[in-house]
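Look at the structure below before reading on.

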Amino acid sequence: MRKNARTLPIPVPVPNLTKKSRGRRVPTANATNPGRGQRDAALGARIYLCDVSGCGKCFARGEHLKRHIRSIHTYEKPHKCPYPGCGKEFSRHDNLGQHMKVHKDYPKVLECMKTGEA
């Protein structure tokens, strides 16, 4: 775990909600593909299983499962844009970081807020 990483609670899936994934294909627990020796061995290392009904995707790391659940199975968006008046929320911290690039004047606005200038 990173030194300054905040620990967020494990997301709780919303019943009957499964959004279509736009990312790479993630293997499911029952995915076996004969003839792909190394890849099948790597699947054995995937011990974090999504237990949402009908999903069954598996991941090598717990944080990847958490990211999957938050992105695909819940409406949870704990990362809020701090820019005054924006109000956008994101399920992933890196998506918030990417979004902050649209607020090019944010450091200036933040400084004004600290000093009390209008």
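**Cores and contacts**

Seven residues form the largest nonpolar core of this predicted model: Cys81, Tyr83, Phe90, Leu96, Met100, Tyr106 and Val109. A nonpolar core here is a set of buried Ala, Val, Leu, Ile, Met, Phe, Trp, Tyr and Cys residues joined through side-chain atoms within 4.5 Å. Buried means under 20% relative accessible area, exposed means over 50%, and partly exposed is in between, with a 1.4 Å probe and protein chains only. Apart from that core lies another, of 6 residues, among them Cys55, Phe59, Leu65 and Ile69. In soluble globular proteins, nonpolar side chains tend to be buried together.

Some ground rules apply. The model is predicted, so local features need pLDDT of at least 70 and side-chain atom pairs count only at pLDDT 80 or more, while totals for chains, interfaces and linings use all residues. Residues are numbered from 1 along each chain as its sequence is written, and side-chain values use heavy atoms, leaving out hydrogens and water.

Start with Tyr83. Tyr83 touches His103, Asp105, Tyr106 and Val109, not counting residues up to four places away in sequence. Contact means heavy atoms within 4.5 Å. Tyr83 is buried, with a relative accessible area of 19%. Tyr106 is buried as well, at 18%.

How many aromatic pairs does the structure hold? It holds 1. The ring centres of Tyr83 and Tyr106 are 6.1 Å apart and the planes stand at 50°, so the pair is tilted. Rings of Phe, Tyr and Trp (its six-membered ring) pair if their centres lie within 6.5 Å; planes under 30 degrees apart count as stacked, over 60 as edge-to-face, and the rest as tilted. Tyr83 sits in the loop between β3 (79-80) and β4 (89-90), and Tyr106 in helix α4 (residues 106-115), so the pair ties together parts that are 23 residues apart in sequence. Helices (H or I, at least four residues) and strands (E, at least two) are DSSP runs, numbered from the N terminus.

**Around helix α2**

Now turn to His68, in helix α2 (residues 62-73). His68 is buried, with a relative accessible area of 9%. Leaving aside neighbours within four places in sequence, His68 is in contact with Cys50, Cys55, Lys57, Phe59 and His73.

Ile69 is also found in helix α2. At 8% relative accessibility, Ile69 counts as buried. Beyond four places in sequence, Ile69 touches Pro11, Pro13, Cys50 and Thr74.

Pro9 lies in the segment before α1. Is Pro9 buried or exposed? Pro9 counts as exposed, at 57% relative accessibility. From Pro9 to Lys66 the C-alpha distance is 9.4 Å, although they are 57 residues apart in sequence.

**The whole chain**

The secondary structure comes to 4 helices and 4 strands. From the N terminus on, the elements run α-β-β-α-β-β-α-α. UniProt, in an unreviewed entry, places the feature "domain: C2H2-type" at residues 48-78 and 79-108. Its positions follow the numbering used here, feature names are shortened, and annotations may be inferred rather than shown by experiment. Residues 48-78 are 39% helix and 13% strand, with end C-alpha atoms 22 Å apart. Residues 79-108 are 33% helix and 13% strand, with end C-alpha atoms 21 Å apart.

Buried residues make up 24% of the 118 residues in the chain. Among contacts between residues at least 6 apart in sequence, 39% join residues at least 24 apart. The chain exposes about 9300 Å², and carbon and sulfur atoms supply 53% of it. That area comes from the Shrake-Rupley method with a 1.4 Å probe; for residues, only the protein chains shown count as cover.

Finally, confidence. pLDDT is the predictor's confidence in each residue, from 0 to 100. The chain has a mean pLDDT of 75, and 63% of its residues reach 70 or more. Among its elements, β4 has the highest mean pLDDT (94) and helix α1 (residues 37-44) the lowest (50). Over residues 32-40 pLDDT stays under 50, and the model has 3 contacts beyond four places in sequence for them.
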